[in-house]
Amino acid sequence: MKINWDAHACLPLHPDADFSPLDRLREAGVNYVSVNVGMDMNPLAQIMSVLAGFRATIAANPQRFVLASSVADIEAAAVRGVLAVGFDLEGALPLLEQPDMLALYQSLGVRQIHFAYNRNNSVADGCHDAVRGLTPLGHRMVEAVNKTGLLMDCSHTGRRCSLDIMAASSQPVIFSHANPLALSEHGRNITDEQILACAATGGVVCLSGVSAFLGNDAPTATDMARHAAYVANLVGVQHVGIGLDISFRQPELNDSPPPPYDPVYWWPRAAGYDRSVQRMCYTPVETWRLLADALQRVGLTALDAEAVMGGNMLRVAGAVWPSE
Ligand SMILES: [Zn+2]
């Protein structure tokens, strides 16, 4: 069954976030989307409030959304024309240094996690911070992610630390939203060594649609396809996916973390965030309608394009998530 899988999207981190942007994703052909519910800069109170609000919105709109816990849920939702949703965490701080928190978040709908958001913490390194590697606690956390059955994600993670995670993981590892450094010089982008290590786990590199990482101020499906072709040529098309990473902003909702929140700490100017993060551009939702053709224009077959647009992530989730 053909499933289109968007491995990462952001709504306002506010319990009252309007879910109608997700309807636009569904109308553009997406069957499953992973929605962020918190990053390392967000306090636990905010993350819990967001989880409660998002779960309530999904439960109140069964004709539009379903909280998916298995690949079977996603396929059943696709048949009904409903968007399957899972949640993701960006950073290990919400785990409170306690591996058992992973199962708790899983019971609330979290399906994927990376351990650091740009900056170092007690578990892992961020991609814009000093190099240490995966900490002893981090090794226990990787084991717990594998045992719990969550997707281990290495986006936003330090390069050496991500290699440590991929070596330690007994399950396929993904990058839910990352781009090849060889095509666009940015600290958030990943080296060929990281891409090869991800493929060696059986995992998938999902290309992001963010302007700064694609290297185009007005990114398009063609840019996505170019990045997808690079990863496919390096490690094989079965290791390529899509995580557009669109931030659906709703200016009337204030979702800033409380003081002393400092955006320049999380998105350092020296790391290439010279312009305001608020001004970052994203490939539009409509990219999903154009991707199959764009991927075929860079040499993929129609079947390869289907694998990139969702089949590969479906395979990995089927292997990693607990089956019901
Ligand atoms: Zn992110």
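1. A word on handedness before we start: a crossing is left-handed if the near helix is turned anticlockwise from the far one by less than a right angle, and right-handed if clockwise. By that rule, α9 and α11 make a right-handed crossing. Helices here are DSSP runs of H or I with at least four residues, strands are runs of E with at least two, and both are numbered from the N terminus.

2. Please keep in mind that this is a predicted model, in which local features need pLDDT of at least 70, side-chain atom pairs count only at pLDDT 80 or more, and totals for chains, interfaces and linings use all residues. Numbering starts from 1 along each chain as its sequence is written.

3. Back to the helix pair. The axes (lines fitted to C-alpha atoms, for helices over the stretch in contact, with angles from 0 to 180 degrees between N-to-C directions) come within 8 Å for α9 and α11 and cross at roughly 50 degrees. The two are therefore oblique to each other; angles under 35 degrees count as roughly parallel, over 145 as roughly antiparallel, 65 to 115 as roughly perpendicular and the rest as oblique.

4. Residues are in contact if their C-beta atoms, placed from the backbone, lie within 7 Å. On the α9 side A221, T222, M224, A225 and A228 take part, and they meet T287, L290, L291, A294, L295 and R297 of α11. The residues of this contact divide into eight nonpolar, two polar and one charged.

5. Buried means 20 or more other C-beta atoms within 10 Å of a residue's own, exposed 12 or fewer, and partly exposed in between. In α11 (residues 287-297), T287, W288, L291, A292, A294 and L295 are buried. Their cover includes α9 (221-235), β9 (240-242) and α12 (302-320). After α11 comes G299, with a positive phi near 110 degrees.

6. The largest nonpolar core has 105 residues, and L83, V205, A228, I242 and V308 have the most contacts inside it. Beyond four places in sequence, V308 touches A228, V237, V240, G241, I242, L295 and L300.

7. Two loop residues also deserve a look. H14 sits between β1 (5-10) and α1 (20-27), and counts as partly exposed because it has 18 C-beta neighbours inside 10 Å. Its contacts, leaving aside neighbours within four places in sequence, are V50, L253 and D255. L96, in the loop between β4 (83-90) and α4 (101-107), has 9 such neighbours inside 10 Å and so counts as exposed.

Methods. Core = buried A, V, L, I, M, F, W, Y, C linked by C-beta atoms within 7 Å. Contact = placed C-beta atoms within 7 Å. Nonpolar A, V, L, I, M, F, W, Y, C, P; charged D, E, K, R; others polar.
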